[in-house]
Amino acid sequence: MPLVSMRQLLDEAAKGGYGVGAFNVNNMEQIQAIMEAARETRSPVIIQASRGARAYSQDKFLYHLMLAASELYPEIPLVMHLDHGNSFETCKSAIDLGFTSVMMDGSLQEDGKTPATFAENVAVTRKVVQLAHDCGVTVEGEIGVLGGIEDGHGAGGTGLEHVTDPNQAVEFVEQTGVDALAIAIGTSHGAYKFSKKPDGSVLKMDVLVAIHKRLPNVHLVMHGSSSVPKELQDVINQYGGKLKPTWGVPVEEIQLGIRNGVRKINVDTDNRLAITGAIRKVFVETPEKFDPRDYMKPAREAMKKVVAQRMTQFGQAGHAGDYAPIPIAEMKKRYASEAVAAK
Ligand code: G3H
Ligand code: 13P
Ligand code: ZN
């Protein structure tokens, strides 16, 4: 199956009332882990690459790995998405390469750190929407700012400084025409999200519900959605790691989100933890080993397990065969006719 449009995947998820995990990758083993999990659970899937991932892998390698994935797993609808694009140029280069979906994260300025104004965010996101839709490519925008910093990206802080304002969310969607909207509800990127199991004072599910009431037809996106399970932390620490106690987003809260319009759920940290724990275990238990396959195989298997579990928990499992892919050229025509109808 060719790479498909994220808009189609999320429209189908909305019809079926489920969420779709969007998993970050940097290399072949991570892509394989996700594809194996998708096959096992019969799930449609979104694979995403950040700017850091594109630089690390030389994104052409990543793109061709994605083509291999679509060829080897023809029964799986597969989206290739740019995570946290920081500028028009970053989004354009992803579209030129063949990504079928891009995130323009205009909530931050181009430095990826300084919160942008509403007007700046609208201006750059709108420009990306025009280009992307002309090419049949999906756009995710972001309003409000997440906490945390990963690989130099992020505003820092706890995530409570810039929680999304529902009124601004409505205006943002009207003014930009994005297909999906990432919102900030007190979450942050990375492993250190909360210092205890989060309650309503730190995880603002009420804000999410309010946004969904105002924008019932918009696909909402939850970033920073790793659950940071204690079992994964324990494996790392048992084999010489030094993680401090921490809490992530409970899966039940994500499921509540899914019942309230969340269609895309971003998960990276949980997979990083699973991979690191598996590798540490091999290094500690069999220090005589030095063939990378001896630790990359268990690492890939550990990530597959986490991804398959999330696919089941988010409800996408069993939906891979529900629909035939709409060619990107057809999406292009649909966006063009929507634009004419809106005039
Ligand atoms: O939102 C960030 C993702 O977890 C990707 O992180 O920028 O370190 O690749 P990265
Ligand atoms: P986590 O750090 O919680 O996995 O979030 C990943 C993310 O939001 C990628 O955009
Ligand atoms: Zn994110």
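The notes below take up the conventions, then the strand, then the pockets.

## Conventions

The model is predicted: local features need pLDDT of at least 70, side-chain atom pairs count only at pLDDT 80 or more, and totals for chains, interfaces and linings use all residues. Residues are numbered from 1 along each chain as its sequence is written, chains are lettered from A and ligands numbered from 1 in the order in which they are written, and side-chain values use heavy atoms, with hydrogens and water left out.

## Strand β5

Six of the six residues of β5 (residues 138-143) are buried, so the strand is largely enclosed by the rest of the structure. Buried means under 20% relative accessible area (1.4 Å probe, protein chains only). Thr138, Glu140 and Glu142 cover one face, while Val139, Gly141 and Ile143 lie on the other.

β5 pairs in the parallel sense with β4 (residues 101-104) over four bridges, where Gly141 is the bridge partner of Met104. β5 also pairs in the parallel sense with β6 (residues 180-183) over four bridges, and there Ala182 partners Glu142. Pairing requires at least two DSSP bridges between the strands. Strands are DSSP runs of E with at least two residues, helices runs of H or I with at least four, numbered from the N terminus.

## Pockets

The largest pocket has a volume of about 680 Å³, the space filled by probe spheres set on grid points joined across faces, edges and corners. A pocket is an open set of points on a 1 Å grid over the protein atoms alone, where a 1.4 Å probe fits, with protein on both sides within 12 Å along at least five of seven lines; lining residues have an atom within 4 Å of a point. Its lining has 33 residues, with Pro229, Lys230, Glu231, Leu232 and Gln233 nearest the centre.

The second largest pocket holds about 580 Å³. Of its lining, α13 gives the largest share, six residues.

Definitions and conventions. Buried < 20%, exposed > 50% of the residue type's maximum accessible area, 1.4 Å probe, protein only.
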